[in-house]
Amino acid sequence: MGPQKAPGEMSAAEMVEALARARAGSSDAWGEIYRQYAPAIFRFCRRTLPTREDAEDATTEVFMKVREKLGQYDATRPFSAWLYKVATNHCWDMLRRRRVRQDLETGELETLPLEHPDPGQLEQLLTKSTSQEVRRGLAKLPARARMALVLRYYSDMSYDEIADALGVRRPFVGVLLLRARHQLRETLMQSSLAGAHPLSPRGKL
Amino acid sequence: MNHFDEMTCMLYLDGQLEAERARELTAHTEGCAECRALLGALAGEGRWLKEALVEEDEAVPARLLEPRTRADSVPWGWIAAFGFGSAGAYTLWSNILQPVQQQFNQAGFSGENLLTVLLFNGALWKGWETMRSLVEFLAMTTFGILILVLLRRNWRRWTTVAVVMGALLCALALPRTASAAELHKGKGTYTLNAGQEVKNDLIVGAGIVRIEGTVDGDLIVFAQSLRVQGHVTGDVIAFVQDLRVSGQVDGNVRGFARTLIVDGQVAKNVSAFADTTELDTKAKIGHNVYLFSGVATLEGEIGRDLMAFVGHTELNGIVDGDFWISSDRLAIGPNTQVKGRARYRGHNQPEVATGAKLANPLEVQIVSRRPDYASGRYYWHQALLWGSAFLVGLALLLLAPGIISDTVRSIDRFGVSIGFGALLLIATPVVVVIACITLVGIGVGIATLFLYLIGIYAGQCFIGTWLGEKILGAGVGTGAMIGRLALGLAVIRVLRMVPHVGGLIMAFVMCWGLGALAVALYWRAHPQAAAA
């Protein structure tokens with residue numbers, strides 16, 4: 001699970017062993033685990049939180065929490081799943097505290113009809129948009145839509161895990177994801193209509 | 001046969017469909033090109049999203065490369081910076097603030113009230129360039145904030161800020177909340193007639209207040225004008241436009257007023273923040289007089305010392321102790337008698353009339369208007385000013401890195417920032433004055449003024465960071481920001497030292513920075529407007 005398992009890094013067996021040592025209090029083992037996962041968690045935070053500084057702080061804080069709670073980790077489950085769960089809760093809390101609640105309410109999302117997409121048009125959008133544009137478009141989405149996409153496509157979480165992390169009913173996860181995909185498509189479509197460099201960051205000349 | 005909808009296709013691709021429904025869909029798509037195309041496009045979108053999200057688009061910040069442990073959570077660089085900051089703050093404290101505070105303590109001011117004093121002198125006192133207390137005060141505040149930052153592990157940031165602000169407000173509100181005072185509030189005239197007596201502390205908020213009778217306790221007044229012709233056995237504390245004490249006060253008189261006239265008797269001290277101050281020939285002050293005033297005419301008798309920061313001083317009375325006057329001009333009249341030391345510090349030579357009797361020769365220190373570029377003290381002072389600005393910037397970086405980077409970004413929007421800055425610079429004092437005049441708003445007024453001063457002062461930190469980034473290029477992480485802040489502030493400091501235009505540049509920088517902060521805060525509060 002997770003995109004961080006680059007080949008040549010720690011194997012599963014090494015990971016289990018490092019975890020056992022870290023739980024016993026070894027700083028070296030903790031260092032190995034940290035180096036293995038910190039870049040992925042940083043990128044995760046970067047995708048979900050509005051600024052780079054927030055993401056840096058969040059990464060540090062997530063690992064502090066994880067280290068404190070290492071005793072509670074159930075070794076029969078994958079470590080990265082647990083790690084992402086802690087990170088998700090942390091980032092979600094941060095966003096909630098920032099009063100982004102207006103888009104946390106579900107309400108009308110369930111009832112709004114979604115326009116059926118034209119596969120040809122969608123394919124065209126996929127080939128036209130660069131990864132960078134997608135990420136910028138993503139940053140413009142409401143917090144929950146963004147979070148859902150990141151959990152699904154970056155952290156590879158299952159529908160159950162997403163439902164749990166975002167505190168929604170499981171059948172609603174599909175609606176949330178599809179709605180988010182539609183919002184992202186609209187955002188990208190609008191900005192490609194708006195001009196050549198519509199997504200340049202604000203304030204920069 | 002019916003086509004499948006987008007939701008079903010997505011659930012199918014994500015493996016979320018029940019086995020039977022999934023089989024139906026597989027069978028259907030074999031014969032239906034339309035659904036096959038949709039399925040293909042959705043699968044493509046899934047891969048496309050994953051690719052975009054997983055791509056390693058930016059390097060992981062250096063500070064995240066190694067785990068933070070308790071031992072290295074306070075790195076050596078920080079300790080050095082902190083040590084430097086403490087030394088600077090200590091120097092400022094022991095050289096400037098403490099002696100002044102001691103003077104005030106003798107006058108019966110407590111530590112909380114010193115804060116009030118510092119807050120009010122900026123607004124009412126013309127000569128505040130002389131003392132630069134604001135800078136030192138901010139350095140002390142920053143010092144406190146830095147300590148809180150080090151403790152913040154167990155605290156949420158804004159909780160900390162809220163606690164500090166709350167504590168400050170409490171400190172401001174506490175000194176004079178008399179337990180069972182008599183309270184009068186109204187818009188018209190309040191008169192305590194001769195022969196009447198209030199056996200309690202008296203607090204009055206009214207248009208015009210006349211005290212002709214007796215107040216057996218403290219008198220606290222918020223009004224347009226206050227005239228004390230009767231007898232007050234405690235202190236008189238007045239926030240008024242015109243204050244006149246013609247009767248007898250057994251305690252202290254503390255006035256925040258436009259004009260203050262004393263032609264009666266005050267048994268203890270008089271402390272005044274006033275545009276115009278007049279001690280009439282009939283005035284008799286038992287202890288000390290502390291003045292922050294634009295113009296002061298002192299013809300009465302002062303039982304002990306006189307300390308004055310005044311634009312223009314005329315002394316023509318009796319001082320039984322020492323006097324220390326910091327003033328633009330000083331005229332000593334023929335009826336003057338001073339029994340202790342006489343010290344004067346100012347821009348112009350004092351005029352001393354021939355009849356004046358000074359027990360000791362007048363000690364004069366002329367301060368040149370222009371900075372003394374040849375003296376080392378001047379550069380040391382500049383270094384200290386740089387240090388206190390750096391401390392404030394450091395505290396901001398630690399407390400609110402997000403706000404700093406947002407503000408630095410909005411600095412690029414030159415027109416908007418300058419516009420907002422100018423507007424705030426002018427409008428805020430007006431709002432504060434209005435808030436202070438209406439009795440209910442005095443706490444709000446003081447808090448606003450406090451934030452306003454911090455905002456203005458912090459302006460140079462934002463511009464400094466921005467300048468640093470322009471010079472060194474945008475950096476990654478807090479360390480890089482600190483470096484840029486330090487460099488930028490140094491550049492601003494050097495520009496400030498340019499003769500004639502330095503002051504203008506500084507005013508411009510502060511206005512610009514304040515505006516950028518306002519714009520950034522607006523964006524924070526309205527993220528939708530920011531994205532548009």
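**Figure 1. Asp156(A) in the loop between helix 7 and helix 8 of chain A.** Asp156(A) is found in the loop that runs between helix 7 (143-154) and helix 8 (159-166) of chain A, where helices (H or I, at least four residues) and strands (E, at least two) are DSSP runs numbered from the N terminus. The phi angle of Asp156(A) is near 60 degrees, a positive value in a residue other than glycine. Asp156(A) is partly exposed, with 16 other C-beta atoms within 10 Å; a residue is called buried if 20 or more other C-beta atoms lie within 10 Å of its own, exposed if 12 or fewer, and partly exposed in between, with C-beta atoms placed from the backbone. The model is predicted, and local features need pLDDT of at least 70, side-chain atom pairs count only at pLDDT 80 or more, and totals for chains, interfaces and linings use all residues. Residues are numbered from 1 along each chain as its sequence is written, while chains are lettered from A and ligands numbered from 1 in the order in which they are written.

**Figure 2. The largest nonpolar core and the surroundings of Ala148(A).** Leaving aside its neighbours within four places in sequence, Ala148(A) is in contact (C-beta atoms, placed from the backbone, within 7 Å) with Ile162(A), Leu166(A), Leu176(A), Leu177(A) and Ala180(A). Apart from this core lies another, of 61 residues, which includes Val228(B), Val249(B), Ala296(B) and Val338(B).

**Figure 3. The buried residues of helix 5 and helix 6 of chain A.** In helix 5 (residues 119-128) of chain A, the buried residues Pro119(A), Leu122(A) and Leu125(A) fall within an arc of 120 degrees when seen down the helix axis, so they line one face of the helix; the arc is that of the directions from the helix axis to the C-beta atoms. The face of helix 5 turned away from this buried side carries the exposed residues Gly120(A), Gln121(A), Gln124(A), Thr127(A) and Lys128(A). In helix 6 (residues 131-139) of chain A, Val134(A), Gly137(A) and Leu138(A) are buried, and because their arc down the axis is within 100 degrees, they too line one face of their helix.

**Figure 4. The side of chain B that touches chain A.** Here 37 residues of chain B are in contact with 40 residues of chain A. Helix 1 (6-13), helix 3 (33-54), helix 10 (401-411) and helix 15 (527-531) of chain B each supply at least two residues of this side of chain B, and the largest share, 14 residues, comes from helix 3 of chain B.

**Figure 5. Strand 16 of chain B and its two parallel partners, strand 14 and strand 18.** Eight of the ten residues of strand 16 (residues 306-315) of chain B are buried, so this strand is largely enclosed by the rest of the structure. Nine bridges join strand 16 to strand 14 (residues 289-298) of chain B in parallel, two strands being paired if DSSP finds at least two bridges between them, and Leu291(B) stands opposite Ala308(B) in strand 16. Strand 16 also pairs in the parallel sense with strand 18 (residues 323-332) of chain B over nine bridges, and there the bridge partner of His312(B) is Arg329(B) in strand 18.

Terms used: Core = buried A, V, L, I, M, F, W, Y, C linked by C-beta atoms within 7 Å. Contact = placed C-beta atoms within 7 Å.
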